[in-house]
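Thanks for coming. I will go through one model this morning, taking the charged contacts, then the surface, then a pair of strands, then some backbone details.

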Amino acid sequence: MRPSSSAPTVNGSSRGSSGAPTRPTSSLSAARPASSLSGVRPASSLSSVRPVSSLSTRPSSRFTQRPGSRLSQRPVSRQSTRLVPRYQELVTRVTGLRAEDDEDNFRTAVEFLSKNLDLTTRPSGNVDMNTMDKLIRGHIQKARINSHDTFADALQTALRTLKTQAQKNNDLDSEIKTVLLPAHLQFLVTLSSPPDEATFERAEDYLDGLSNPKRPVPGLTWEAILAEEPFEGEHWEGIYPRSTDDQLGAQSGSSTPSLSPWDDSDLDESVTSSSIPDIDEDALPPEAAGGIDKPYLPPAAYRHRQDVEDLQARQYWRSEWRTDASTTRAFNIGDASTLGPTMYRILGDQHTNGIAGPSRQKYIHEHDAVREVLMALQGDRNMMLGWLSSGGDAFSFTPNATLKLLHLTAGAQHSILTSFARLATTLQHLRMFVSAIYAKAGKDDRDPDRPMHLLNIYRQSTLTLEAFSAAVDGQLRAFNAWCAAREEDICRAQAGAGEPLVVSLLSLDKTIRDTFSDTFTVILDVVREVTRRAWRTSEPVVDIWTLPELPMKMPPSTFGALLLDSLLVAVQEHVSMGDYVSADALMSVFSGSAEPIWAMVGRWMKDGMPVREITSHHNSRFSELDDEFFVEDNELPLFDPDFWTDGFVLRQEGGDGDAPRRTAVPVFLNSVAKSILDAGKAVGLLRVLEIAALLDRDTPGSWMAHWPSFSAILGTAKGQLKGGDPPASRLLFTSTENLSQTLHDAVWPHCSLAQETLQRVLVDECDVMLHLSAIESVCLMRRGDAMSHFVDILFTKMDSKQAWNDFHFLNTAFRDVAEAGTHRWVDTSLVRFSHKGSKDKSVNRTVRALDGFSIEYAIPFPLTYVFGPKAMQIYSSIFTLVLQIRRAKSVLERILVRGAMGHASHMASEMKAFYAMRSKLSWFVNTLLNFVATNVLDAEVLRFHKDFRQAVSLNDMIRLHDEHLAKMESRCLLQRNTNALQRAIVSILDMSIHFSDCFVAFAGDTTHDISRHSILVMKRHRSRRVRRQKKDVIGFSQSMQGEADDSSESDSDFDDDRLKANAPEPSFSLGASTMSAPDESFVDRLDKMSSELDALVRFIRRGVESLAAGSGEAAPAFGVFAFALEDWDR
């Protein structure tokens, strides 16, 4: 049996022997001071010597039955007061605390001891079975912590057997009842001593007896005696003579067991090797000496005693063991064993050597030292390396200076052992880290009863961290198995059963480096760096085993990505340095750590995105996403138009300060993360649409029935690498690009199938092309005849100065026009026109009055993800632009210049100016309309339809449609960067309407509309009714013609006021030059309007030419428009 030594166990405890004679005497012992009831004490006032008082004979009063006084309930008894000095002495001996050093802790310890040992506070020993069950289970747990599993199993088995027998109501003994069973157990536990080696052996024998019960030996009966041959058997001994001792041994071997309660083994154990006498053949009787052919053999216990002593001679851990090599020999260069003692004698202090020289120094053989180092590396108790729990080198192994090697100096031995101590410390830190993670793995961090200030703290233990701990634990177990195999080889070689070995500390160090390289050091560095970044601290982290206990300042998804990225970087670094041993081990740890993330990927692609509207009514196997997964749920409703793009996205972590946000996706999954996200969303949408193509999991071809593990994919990829040496293959495979490509090849078939299936459903069953054609026919006016009719109705309403922006009028007019033909090209119940008019009345006679137009199309689900509100808003802005251009074109086309004032020869010059201005405006408006309708809308729609039919996924449809809208919006100059050009175009369109108003004011109403009456020959009236009617249309030519026919000047001032009041308001986008002065003639006004038009057109041409000179896709389209505007100067 080897004694206990220093060990790195933290929870270990040491308990002194209960049989030590230093235990203080009990308060009930005979040596205690005389009590108040003893006869030695002087008589008290209540003794019989006191005269009888009157109270002794009077009858009992109510005071005799009163409750106990305060003295009977006082907290401290006289007995406990007398024991206080002994309590203090016991606390000082056990804990080392003293009142003068640490008064508070010393008083607390004394009070705790007094409370638990004072019989007055705990007068009863009655306990129940539950209390004893907890107590025994505590002993079982303590035994397991101390690595005494056999003893713990024996205790647990015995407790289970006892409880089973108690439940069967079978009394264990006639005097032990079931009710008193807890008291008996308490009594036995109180009297029990701490477990020792004998206890552990007894526990092992107990379990072995239960698992391998011995067949009971039948006892000796008269029937057996009579059935035997006469005079045979043990019961005839002493009656029938025996010939020799050998015959006695042969007969005793075949006889029945002894009937005596004493066993021979007890006698054998009590006899020592020193009591065995030497056997001399001459001392034997002559008849005995001549009757045997072999030497005398002692009993079995005596024969094996020498073997036991030989084994004890090899137990170097015993305190009395000494090496058989001489430590007093002089130095011999040919004998390495003389180096250590010689250096000790030379370098040591002479006075010290006189007391403890080399002969008193304990030396150990090197092969035994190697075994001790192997045990230290496995985390077991040993004699070469000691574990420190406090001080500057806390939580580390240090070399033991008490044991020496004969052939090494103290410095050389310390240097070699220091290398092993560093490795042992690294391994022990990793073991403590793994144990801490395992202890935290079964607990739920999201406890609703947590304090409010801890609710926003991320959970400490994640699946990736647990998988990483399991992978590290696998490497540690492999290392322990390797160490055990080396120790077995040493033992076999020492016993002569194996191949001869050369065992040394240096060879062990080299073998460990060749086998494991820097694997564990790199793993520890990765854990420390990840822990430091998770805690967001700049100081190095030593106690990594506290990671699961302290709050983590990083989301679980980000922590998992950081851990995996750090491992992959470590693998690539060691591959680049040629350290393939560490690279393979780290790759194994990385593969095991990535399994949870890869399993989440498989479940996401198999079950699809969780939809609350569906999972709340149906039983779903996938109701929520793990916060460690790199896909984040923004909790948008299913029917939200932004659900597809913003409902489920890749998680992002916030950058520090102004640093950009990056996705919390591991590096090796960056290339496939978007495909995985889209595939899961496609599968989830198919489940919502109840498409059974991918939902049948019972058939052999079910959707993703067999999702391979991450390790299996890596193994398959390694097997497919052909050619090249293994280092080159590792370098090729462990690169991030090749690893990402391998994962892409594994997930792409599933991703593409899900996306293509959803695309076919949208095209075939949801009629996406039919709804797209309807939207384009209305918003882009591609249905020319019907939309032209609708526009004419709208402009007629506007010209009549009626409420044209009424919701019911707009939708009724559109429905009448759409349903007029035989071919139904749009479902009018899905289209809604609306207009939000401006509160500024000055824009009523400008094209800006049409800015509030909005078109809504009730697209069915799930096409709302493609044609959402943002898309319809862009469609509405394009519709408004086309409507504004057609409004200006319509106003200009309705003006009749020729023949309007043919009988007024003095106005011919003014009419020529109006004609020239109308031609310029009409040219620009027609050029602009032709560019927008032909080179922008029609060309882009044809190109978009071609690309849209080739889309293979819903994401491609959304992307192509958004790009299509962006192109049309930019080519129509509706984006923010072309805002100046847009304002210039609107100014020209407003100028067209302003020109029409000026022409009507000059020549009267000479438009094509027959519903409007000409006011050229109307006479002036002074009535208010006529003045209100003339406020609508005013003709300056009328006043001029009236002045020629009638020379009356009485109403001239009224005409001037009427011109000022009824002049049409110019566009607010025009410059101040367009404003007409009261005394300004129409010719001057037209000249200013012409010059401003020329400036606006030239500004637009320069802007379009700059856009055409760019390198974007819109440059050719703007080149066409710029080329058309060059005709302005011709």
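Where do Arg107 and Glu103 lie, and how many residues apart are they? Both are in helix α2, residues 103–117, four residues apart, which is about one turn of the helix. Helices here are DSSP runs of H or I with at least four residues, strands are runs of E with at least two, and both are numbered from the N terminus.

Before going on, the basis. This is a predicted model, in which local features need pLDDT of at least 70 and side-chain atom pairs count only at pLDDT 80 or more, while totals for chains, interfaces and linings use all residues. Residues are numbered from 1 along each chain as its sequence is written, and side-chain values use heavy atoms, with hydrogens and water left out.

The side chains of Arg107 and Glu103 form a salt bridge, 3.1 Å from N to O. By salt bridge I mean a side-chain nitrogen of Lys or Arg within 4 Å of a carboxyl oxygen of Asp or Glu. There are 26 salt bridges in the structure. Arg107 is partly exposed, at 39% relative accessible area. For these classes, buried is under 20% relative accessible area, exposed is over 50%, and partly exposed is in between, with a 1.4 Å probe and protein chains only.

Two other salt bridges. Asp335 pairs with Arg329, their closest N and O atoms being 2.8 Å apart, and Arg329 is partly exposed at 35%. Asp827 pairs with Arg824 at 2.7 Å between the closest N and O atoms. Of that pair, Arg824 counts as exposed at 61% relative accessibility, and Asp827 as partly exposed at 26%.

Next, the surface. Leu90, Val94 and Leu117 make a nonpolar patch of about 260 Å². Patch residues have over 30% relative accessible area and no salt bridge; like charges are joined within 9 Å, and nonpolar side chains (Val, Leu, Ile, Met, Phe, Trp, Tyr) within 5 Å. The areas come from the Shrake-Rupley method with a 1.4 Å probe, and for residues only the protein chains shown count as cover. Val94 sits in helix α1, residues 78–95, and is exposed at 63%.

Now the strands. Is β9, residues 831–835, largely enclosed or open? Four of its five residues are buried, so the rest of the structure largely encloses it. Strand β9 runs antiparallel to β10, residues 853–857, and five bridges join them; strands pair if DSSP finds at least two bridges between them. Ser834 has Ser854 as its bridge partner in β10, and His835 has Phe853.

Last, the backbone. The peptide bond from Phe861 to Pro862 is cis, with omega near 5°, and Pro862 is in the loop between β10 and α32, residues 869–893. Ser517, although not a glycine, has a positive phi of about 55°; its loop is between α18 (505–516) and α19 (519–535). Arg536 also has a positive phi of about 55° without being a glycine. Arg536 is in the loop between α19 and α20, residues 556–576, and is partly exposed at 45%.
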